[in-house]
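Please look over the structure shown below before reading the report.

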Amino acid sequence: MRLLSTRRRVYFLGTVLLLACLGSTSMADIPRPEIPKAKEMANPATKCVRPVEDMRKHHMQYLLHQRDETLRQGIRTERFQGESLKECIECHNAPDKYGKVARHDEPDHFCNACHRYVAVKIDCFDCHADKPANAVYRNPLADKKLSQQSGFDSEQLLNQLSLDGVAPKGDKQP
Amino acid sequence: MKKPRYLELEGRSFGYYLLLVILGCFIATGLAAFLYMEHEGHWVTRMDNQIVWGTPHVFAVFLIVAASGALNIASISSVFGKAIYKPLAPLSALLAIALLAGGLAVLVLDLGRPERVIIAMTYYNFKSIFAWNIILYNGFFAIVIVYLWMMMERRFNQYSKFAGLFAFLWRLILTTGTGSIFGFLVARSAYNAAIMAPMFIVLSFAYGLAIFNIVVVAAYSWSKRELGAALLMKLRRLLGLFIAAGLYFVAVYHLTNIYITQHHGVESFILLGSGDTNKIYMKVFWLGQILIGGIIPLLLIYAPALKGRTSMILASSLVILGGLSQMYVTIIGGQAFPLEIFPGKEVIESSFHDGVVNAYSPSLPEAMLGLGGVAIALFLVVFAIKVLRILPQSLADREIDPHYSEPQPAA
Amino acid sequence: MSDDQAINRDRRQFFGMTAAMASLAVAPGVFLSQVKSARAVATQAASDQNRWGMLIDTSKCASGCNDCVTACNKENGISGIHGTATDAQWIRKVTLRDKLTGYVQSLPLLCQHCENPPCVDVCPTGASMKRADGIVLVDKHICIGCRYCMMACPYKARSFIHEVLDEQKAVAPRGKGTVESCTMCVQRVDANRGEEDKTKHRDPACVEACNNNGHKAMWFGDLKDPNSEIVAELQKHGGQQLRPDLQLNTGVRYQGIN
């Protein structure tokens, strides 16, 4: 059984190729992410608790390894330097000059900055805290619960108000 | 008796496409309901920490149970050697696959984390009957697809009997597993009974056959193919037998509970509606499960005056309604009855709804998701009979009935 | 499994050594500041030499007092959202009246941390699990939200998260679509294991609040430690299980249910 005539097949292939080209050009237009600086250098030799290159490549394995041992065996030790999500967040979601921090779905949250760029969705922050204990979100409107109660569209307002250049201008969530 | 000739449905009529569009609409609303529930969380449904399984599970478990029952016609022909059912075996297998797919779709889309369904297939706790069910469902798909293939591919026809036997044994284990989801629950008074497994098997015979009857009559009426009266009469009597057997198991289940003092509470809750302001489970049990799903269909089937298709279709439809009622009473009624955490005590104050009959009424998204699952199953069947040679060109008695004799012209 | 554990042990030792060497090599000030800020940590895995449990004296539990519940909610970041039908409750107060005698009493109800937990039995993925030290937890990383554990629990101890959550505590990750229950404040239990000084050990939030507020209706401790306060109290006055007929050997025991 023939699904498409020859001419239609050519059109179909052409469309696919065109879409592929469009896709590749638009990818090149996206600027590389600006990764927010950590609170402090944990270790001057490695900068992070592990060498930065190692962390960029392997952080997910370290986190996965640690999560099972912590949850199932109760091992919570700083010998696992850099394997505890909580410690990562403590250092990497650093307060701005007003002492406030970003939410995990904002473009300049440490994790989100890269994960947006590489289009890898993570669900860590469905459950885990995305900010150091006692830290305050930079923009109260980023607090979804508050904005739901007040009826504001917090995302939209956040994009309109660029708070002292802290919130990136016009940078919309995809 | 000739070898049946299978032929695809032409499927070009307005009616055929209309049917697909209608089913497609139900699937779309089901998916919309899923997206809504998934985006907002389950608080937008009426399910809560008391009634943790709601209307989606009523539909899902019904479809899964009916799936194994729908395979019966194939089993009767291949395992028990009843030749008259043999031409219907491919449709029976197809319907089984489709119903299971519909039921599982609902079950998965109601999960709290549906995107993690892969975890359910990669992490197994073998003490969990649920984990076993995941293996049983996947296995059922594989086995019935192979069985269907053996029936449809002439070179493999000789193996179809063996595949049919294997599929039959698997479906018995599968429904044992489904019934045991409830049977193995020690905590709740309405469950925790070994009879759940065989009861689900017998109920599955009726539910599956009821759906099968409707599908066969609809397909043959709408495609204007011949459907013999002798075959219909056999399907009709078979359904009657299954309904009666189901009622027997339900009676034994309740009689056992009535005898055991510990279970008097839950029995008077379900059967008499005590403690239930609207007596909803009492009504659904007596009116839905027993009267509509059992007694009226039996009368329709065995009343000497009734022989036609209409009464059989009506009886089959009522059995389906009764089946949904039974699932509602079993699943939701079983949870609505409070847990006996403190035997001999009554709870006079609790922030967590302890000791009270838990309120529940289906919400729109839940019903839409459940109906979406039914639509998925039917859509698969309607689509498959157009592209695959599932349906015999004719089911006239002279073609399929080994005991058929030409009516003699009057001397 | 044992191979895995051996590898993990080697790995840990290696990481530990690396970290130690690195810390010697670099400016000590940085490392010291970290040590100073560090809490007690558990380097050893939870062990089956312990079995953590609770004892609740219902005669001291006042009807209307909610201190344990408040403390639990604060510690674990639990708050009401869409009403009691769907909100999570790890511990709740229940007031009972005896059907025959009319005797009224009040008690807190929480996960009973069974030795043979039905929730663990039924969980299809193994997300519902019991640690070596008897604490029953949900591994939310592999919980699919099927809610079968909630069907199986005889104590209605579990809650399903019905909505998107915000502002979770770092010590108690919780989120939409997964099931949760009392963890016996496992973060504190683990911190205690890493802390030599027993005076710094902390009880779970509910027990701590009950004692600090002077009610002293709750004990927490190791049921396998013959010298522990909870064992002494159990030996002296006993303690019964809820639904003992189910033979789940619960880690939470009650006095004075009569």
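## Model and confidence

This is a predicted model. For chain B the mean pLDDT is 95, and 99% of the residues of this chain reach 70 or more. Within chain B, helix α2 (residues 55-70) has the highest confidence, at 98. The lowest confidence in chain B is found in helix α14 (residues 397-400), with a mean of 85. Where pLDDT is low, predicted coordinates should not be read in detail.

Three strands make up an open sheet in the order β1(B)-β2(C)-β3(C), and their pairing is antiparallel. The edges are formed by β1 (345-350) of chain B and β3 (104-110) of chain C. Each of these two strands has a single partner strand, so one side of each has no neighbour in the sheet. On average, neighbouring strands of this sheet are turned by 35° against each other, direction ignored.

How many bridges join β1(B) to β2(C)? There are five, and the two strands run antiparallel. In this pairing, B:K345 stands opposite C:D98 of β2(C).

Strand β2 (residues 91-98) of chain C also pairs with β3(C), in the antiparallel sense and over seven bridges. C:T95 is opposite C:S106 in β3(C), and C:I91 has C:L110 of β3(C) as its bridge partner. β2(C) and β3(C) form a hairpin, with five residues between the two strands. In the turn of this hairpin, C:G102 has a positive phi of about 80°.

## The contact between chains B and C

The contact between the two chains takes 41 residues from chain B and 46 residues from chain C. On the side of chain C that touches chain B, the elements giving two or more residues are β2, α4 (118-122), α5 (148-152) and β6 (159-160) of chain C. Which element gives the largest share of this side? It is β2(C), with seven residues. Sorted by class, the side of chain C that touches chain B has 23 nonpolar, twelve polar and eleven charged residues.

## Helices around the sheet strands of chain C

Helix α3 (residues 67-76) of chain C lies across β2 and β3 of chain C, and runs at about 160° to β2(C).

Helix α7 (residues 205-212) of chain C has the buried residues C:A205, C:C206, C:V207, C:A209 and C:C210. What do the buried residues of α7(C) pack against? They pack against β1 (52-57), α3, β2, β3 and β8 (218-222) of chain C. After α7(C) comes C:G214, which has a positive phi near 85°.

## Two crossing helices in chain B

In chain B, helix α4 (residues 89-109) packs with helix α8 (residues 196-222) at an angle of about 120°, and the axes of the two helices are 11 Å apart. The crossing of α4(B) past α8(B) is right-handed.

From α4(B), the contact is made by B:L91, B:S92, B:L95 and B:L99. From α8(B), the contact is made by B:I211, B:F212, B:V215 and B:V216. By class, the contact of α4(B) with α8(B) has seven nonpolar residues, one polar residue and no charged residues.

Technical notes:
Residues numbered from 1 in each chain as written. Chains lettered and ligands numbered in written order. Predicted model: local features only at pLDDT ≥ 70, side-chain atom pairs only at ≥ 80, totals over all residues. Pairing = 2+ DSSP bridges. Helix = DSSP H or I, 4+ residues; strand = E, 2+ residues; numbered from the N terminus. Axes fitted to C-alpha atoms, helices over the stretch in contact; angles between N-to-C directions. Contact = placed C-beta atoms within 7 Å. Buried ≥ 20, exposed ≤ 12 C-beta atoms within 10 Å, placed from the backbone. Nonpolar A, V, L, I, M, F, W, Y, C, P; charged D, E, K, R; others polar. Left-handed = near helix turned anticlockwise from the far one by under 90°. pLDDT = per-residue confidence, 0-100.
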